[in-house]
Amino acid sequence: MELLAQLVQLLALSSVLAATSRSGANRCLSVGSFNVKWFTVSKSADESILNIVADIIRRYDVMLMMEIRDNVGQTAMNRLWELVNATSPYGLSLSQPLGRNTSNYREQYGFFYRIGKAYLVDSVQYDDSSNDEFEREPYSVLIKTSAKSSKPGIAFIGLHTQPKTTVAEMTSLIKVADFVLSHWNTDKVVILGDLNADCRYMSKKALAKTPLRTDKRFTWLIPDTADTTILPQTNCAYDRIIVTESVKHKDASVFNYQKEYSLSLDQAKAISDHYPVEVQIC
């Protein structure tokens, strides 16, 4: 009986420690950014691809998805959202189809957020119609971690730069950050996306001079040495996460889903030519 009592005590202690661990983890938002290459209706019809994309989304409490090329009825995103919600409730905030150059395709941004952990307060599409600064204007959402919080929340800015104009778009991105800081009266901003901020699209010299690097309010969490690309012949930190100084963070990294799901290179490439980038926002 004494041994049984000790076992019960150990189990009780284990439960308390597990609950404490979960409680500590719940204070942080798991945040990701993923360029899912050309997410079309036909791509969403591939069950193996759709399952992995959904599984990647469920890894995060807030996730930016890029290169959504859906039809008017949002068939692809409805398929994905339904699958994601099969195991855990998520909300989805979608931008309008964006793209200034009519000869190029248009794409949407999508922010997934885990209901119960992240609360969507508002969204805003940056308007640069008078200046034509961006091929696809940044799309932003304001998220709170508590529905009853009186604090302004955390602003997430999503951007997929046009490779040919990356340097100019990155120069203008600081104006978007300042707009969002003022618009939502918050000091917490997280910029994330496929910024193409490396290699042939942005030299080290241009990168060093970009305002988001020279302005001490901002910290780049994904280092220049990171590789966010799938192909073995490329080694580029295209995908980035940038935060204002008031944002507490940890564990910023690149998520190698090819290794995680034991995929061949061809299987991984069928999903995207990018890896997601991620961070814990606390």
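In which strand is Gln108 found? Gln108 belongs to strand β4, residues 108-114; helices (H or I, at least four residues) and strands (E, at least two) are DSSP runs, numbered from the N terminus. This is a predicted model, in which local features need pLDDT of at least 70, side-chain atom pairs count only at pLDDT 80 or more, and totals for chains, interfaces and linings use all residues. Residues are numbered from 1 along each chain as its sequence is written, and side-chain values use heavy atoms, with hydrogens and water left out.

The pLDDT (the predictor's confidence in each residue, from 0 to 100) averages 90 over the chain, and 90% of the residues score at least 70. Residues 1-25 have a pLDDT below 50, and beyond near neighbours in sequence this stretch has 0 contacts in the model. Contact means heavy atoms within 4.5 Å. Where pLDDT is low, the predicted coordinates should not be read in detail.

Gln108 is buried at 4% relative accessibility; buried means under 20% relative accessible area, exposed over 50%, and partly exposed in between (1.4 Å probe, protein chains only). The Gln108 side chain makes a polar contact with the side chain of Gln74 at 3.0 Å. A polar contact is a pair of N or O atoms within 3.5 Å; within protein, one must be able to donate a hydrogen and the other to accept it, and residues adjacent in sequence count only if both atoms are side-chain atoms. A polar atom of the Gln108 side chain also lies 2.8 Å from the backbone oxygen of Ser95. Leaving aside neighbours within four places in sequence, the residues in contact with Gln108 include Met65, Asp70, Leu94 and Pro97.

Which residues does the UniProt annotation "active site" cover? The unreviewed entry gives Glu107 and His160; such annotations may be inferred rather than shown by experiment. They are spread over 54 residues of sequence but cluster in space, with a largest C-alpha distance of 9.5 Å.

Glu107 sits in the loop between β3 (90-94) and β4 and is buried, with a relative accessible area of 1%. A polar atom of the Glu107 side chain lies 3.2 Å from the backbone nitrogen of Glu67. Leaving aside neighbours within four places in sequence, Glu107 is in contact with residues including Arg69, Arg136 and His160.

His160 occupies the loop between β7 (154-158) and α5 (166-183) and counts as buried at 4% relative accessibility. With neighbours within four places in sequence left aside, the contacts of His160 include Asn35, Glu107, Tyr109 and Asp194.

The structure also holds 2 disulfides, a disulfide being a pair of cysteine sulfur atoms within 2.5 Å. One of them joins Cys28 to Cys282, S to S 2.0 Å. Cys28 lies in the loop between α1 (2-26) and β1 (29-39) and Cys282 in the segment after β12 (277-281), so this pair ties together parts 254 residues apart in sequence. The torsion about the S-S bond of Cys28 and Cys282 is about 100 degrees, so the disulfide is right-handed. Cys28 is buried at 7%, whereas Cys282 is partly exposed at 39%.

A disulfide also joins Cys199 to Cys236, S to S 2.0 Å. The link of Cys199 and Cys236 is left-handed, with -110 degrees about the S-S bond. Cys199 is partly exposed, with a relative accessible area of 29%, and Cys236 is buried at 5%. With the bonded cysteines numbered in sequence order, the pairing is 1-4, 2-3.
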